[in-house]
Number of protein chains: 2
Amino acid sequence: MGLFVYKFGGTSVGTVERIQAVAQKVKAAQDSGDQIVVVVSAMSGETNRLTGLAKEMQKTPIAREMDVLLSTGEQVTMSLLCMALGELGCSAHSYTGGQVRIVTDSVHTKARIKRIDDKKIHADLNAGKVVVVAGFQGMDEDGNITTLGRGGSDTTAVALAAALKADECHIYTDVDGVYTTDPRVEPNARRLDSITFEEMLEMASLGSKILQIRSVEFAGKYNVALRVLSSFSEGRGTLITYEESAVEQALISGIAFNRDEAKLTITGVPDIPGAAFKILGPIADANIEIDMIIQNVADDATTDFTFTVHRNDLVAAKAILTATSDSLGAKSVTTDEKIVKVSIVGVGMRSHAGIASKMFKVFADENINIQMISTSEIKISVVIDEKYLELAVRALHAAFDLDKEPKK
Amino acid sequence: MGLFVYKFGGTSVGTVERIQAVAQKVKAAQDSGDQIVVVVSAMSGETNRLTGLAKEMQKTPIAREMDVLLSTGEQVTMSLLCMALGELGCSAHSYTGGQVRIVTDSVHTKARIKRIDDKKIHADLNAGKVVVVAGFQGMDEDGNITTLGRGGSDTTAVALAAALKADECHIYTDVDGVYTTDPRVEPNARRLDSITFEEMLEMASLGSKILQIRSVEFAGKYNVALRVLSSFSEGRGTLITYEESAVEQALISGIAFNRDEAKLTITGVPDIPGAAFKILGPIADANIEIDMIIQNVADDATTDFTFTVHRNDLVAAKAILTATSDSLGAKSVTTDEKIVKVSIVGVGMRSHAGIASKMFKVFADENINIQMISTSEIKISVVIDEKYLELAVRALHAAFDLDKEPKK
């Protein structure tokens, strides 16, 4: 018996049949004695349909009206789910973000939640009802409809779980939990029973797109226990905890990788103060995000600079860098998009020395050349030739015993 | 310069191009110095799509959730229209029924408006904005989304016009006004410059489906000047006034007809008190609406009864009537669905005698047999064989000079 917030994304409510399956799952939980609040996204495809209509009206649709438009997506899902629950004899009430009310700031299309009024929800739960809330949306102090931006339904679920002091917040997706790495690359990848928030943040930002980073941060801030589960199968999923797990004591928890990056190098840059700013400033001004940055030690009064950007930004970044190179009198600009970033992540790094050298030994043994290295407190990332991706991931997975349950 | 409420139905906002055309019309009105509040329906087809989804969830969808679902239709239109207006450089704000706020009772799917808070609208209008409001919907005192039922967008427009003390409420449809009769039957049918509310009510209930009866009643009650115009062409349309027109002094204003009725006759009914109730009671109990009723003078201690119902109800009504006939010991039950009801409507009847006899002379001259007659203060209806419909309408149109402008 407990209070749970369940969140179902667009794929999980993408058809009439899937909404009916969600209703079955919610009904079963309620029958077992739990109180359930459900947060739903728009049916998959609906947001794209609405965005398409908006773009036909205006090249850059007015943000306030975009929110009015897109918020209808979740409103449709929540009413259909209540009907499906009703058909199962389960009494349910739906609420838009404005109705419940989820108060946000007024930054349309990427609003932030300020507070939630939980009176209606508690009253309904106490009356034995399931409460269904539209994800992704809220209302500002003046009553304008707002949306939380991409992936905002996760944030709604976490914020509701925090406001309601829910026992757990369940994020139902199309995967049955967080894995040590992508099972399509390493078939021995193992589902983790739990992972810390910090590890999840590093995994998410490194390309494991299960949860929105903002919702994970939010959950950490408000001590909400998040659990990632599959909408389509049974199972306990992966619990994301805000404490370092006392249960699992692995050195590392998982291997993330990112194939979306490209590398740019500018060589022969005069080694003078301000060079880094002159090189990276124009890139940032063009709203191109830079991930890894490496500056080699100066040699003969010149230095080399290497950094990575998203592959989609490579052409623009190269043009900017070439102009910078000319004005600085640098030697050359080279680019490489056949790269991949591979990262090992784990809070175990904090208390265990030698993890980096163990990682590098794996690469040495496999004859994989490391092009760039970057480290944080709980992660080590390297950039390598993309042709070595599978080899590197499998070798690391084996070397760190990720296919085995950790010692308890 | 004035304040106008414009209402556009589903066909008028059915595509991206039509919404853009509506935006042009609204922009032109604002440029001429008028303040404009626009009420929109869901894009044509959208309500049926949503209803279809609901029916897949539940045979009889929960009324509260049906309102949540259907209200998204107008919300989509209103945001798209604001974007289209924005593209024309015209600042606009959209509001759902709940936002504006249109307070209704809690009777889901057919709520009635209790009051409207016009503060936000006046503030926006005074700031030079166009205000776009979702038709058909409101919010009850507890914040639940409600809808006003079929045609409710007309009611929203009239209620807003009343609350805002608008100069006129324009109902844009796919016809360019109210005609003396259906132009498909009588090519000489003439658009009326004005018509009284009472005439409009009789015309609407007799089958001219331009406006919802409830919105016309509402307009009459609150002295709102309604004007029916075409979304797709220019023109002054038809003004619906609450006073007997001092301008037009025609005997009758129009000819309405209804092909949807069927006639049932029970003969040889013992002429005893309570016979009418015994015959019509069971029909009403089956929720079948009865239109015209005629009881002939008793003859030989028995009497004959004739009444009309909607053709869709004929089979059910006949079965009930046959059972009644057996229990009453009546002689026979006969039915006829090859009938049509033709009515002349006009407030001129009140002050002019001889209109009925003039009507009956037309039928006599054309050798059309009249099967039933029913009259009210401003209308005379007859039931005739349906094959005479066109002949009757054209002969009446000519006899009452409806193709000519009335004397001023």
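**Figure 1. Strands β15 and β16 of chain A pair in an antiparallel manner.** In this predicted model, 4 bridges join β15(A) to β16(A), the strand formed by residues 302-310 of chain A.

**Figure 2. An open sheet in chain A consists of 4 strands with antiparallel pairing.** The strands follow the order β15-β16-β14-β17. At the edges of the sheet stand β15 (290-295) and β17 (332-336) of chain A. Each of these edge strands has a single partner strand, so one side of each is left without a neighbour in the sheet. On average, and with direction ignored, neighbouring strands of the sheet are turned by 15° against each other.

**Figure 3. Chain A and chain B are in contact with each other.** The contact involves 26 residues of chain A and 26 residues of chain B. On the side of chain A that touches chain B, the elements giving two or more residues are α2 (46-57) and α3 (63-87) of chain A. The most is given by α3(A), with 14 residues. By residue class, this side of chain A divides into 15 nonpolar, 8 polar and 3 charged residues.

Note on methods:
Residues are numbered from 1 along each chain as its sequence is written. Chains are lettered from A and ligands numbered from 1 in the order in which they are written. This is a predicted model: local features need pLDDT of at least 70, side-chain atom pairs count only at pLDDT 80 or more; totals for chains, interfaces and linings use all residues. Two strands pair if DSSP finds at least two bridges between them. Axes are lines fitted to C-alpha atoms, for helices over the stretch in contact, and angles run from 0 to 180 degrees between N-to-C directions. Two residues are in contact if their C-beta atoms, placed from the backbone, lie within 7 Å. Ala, Val, Leu, Ile, Met, Phe, Trp, Tyr, Cys and Pro count as nonpolar, Asp, Glu, Lys and Arg as charged, and the others, Gly among them, as polar.
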